[in-house]
Amino acid sequence: MEPTVHAFSELFAQLGLPDDAASIRAFIATHAPLADDVRLEEAPFWTPAQAQLLREERIDDADWAIVVDQLNLALRAPSH
């Protein structure tokens with residue numbers, strides 16, 4: 001069985017955030033760079049429900065782990 005690859009926008013929708021390309025870019029620009037010593041799900045800008053979703057998807061669901069890792073990397077990059 002092939003693993004499902006989720007789009008970045010699907011993760012934003014799961015988080016209850018606007019999921020169009022411009023909104024995703026704005027979110028990342030607003031919150032990056034995330035400090036190296038802060039786990040993605042512990043960032044101060046998530047609601048408790050969002051943080052829990054990110055934690056669970058990263059740990060429990062390989063299908064979502066890839067896109068959660070992509071978000072993690074995007075938020076670690078310096079904003080321009």
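The model is predicted. Ring pairs join F8, F12, F27, F45 and W46 into a cluster, and two of these residues, F12 and F27, form a pair with each other.

**Aromatic pairs**

- A pair of aromatic rings is described by two quantities, the distance of the centres and the angle of the planes.
- Five aromatic pairs are counted in this model.
- One of them is the pair of F12 and F27, with 5.5 Å from centre to centre and 90° between the planes.
- This pair is classed as edge-to-face, because its angle of 90° is over the cut-off of 60 degrees.
- F12 belongs to helix 1 (residues 8-14) and F27 to helix 2 (residues 21-31), so the pair ties together parts that are 15 residues apart in sequence.

**Burial of the two rings**

- F12 has a relative accessibility of 1% and therefore counts as buried.
- F27 is also buried, because its relative accessible area of 14% is under the cut-off of 20%.

- Helix 2 has the buried residues I24, F27 and I28.
- These residues cover an arc of only 95° around the axis, and therefore they lie on the same side of helix 2.
- The exposed residues R25 and T30 are carried by the face of helix 2 that is turned away from its buried side.
- Helix 1 and helix 4 (62-76) are among the parts that cover the buried residues of helix 2.

Definitions and conventions. Residues numbered from 1 in each chain as written. Predicted model: local features only at pLDDT ≥ 70, side-chain atom pairs only at ≥ 80, totals over all residues. Heavy atoms only, no water. Phe/Tyr/Trp six-rings, centres within 6.5 Å; stacked < 30°, edge-to-face > 60°. Helix = DSSP H or I, 4+ residues; strand = E, 2+ residues; numbered from the N terminus. Buried < 20%, exposed > 50% of the residue type's maximum accessible area, 1.4 Å probe, protein only. Arc of directions from axis to C-beta. Contact = heavy atoms within 4.5 Å.
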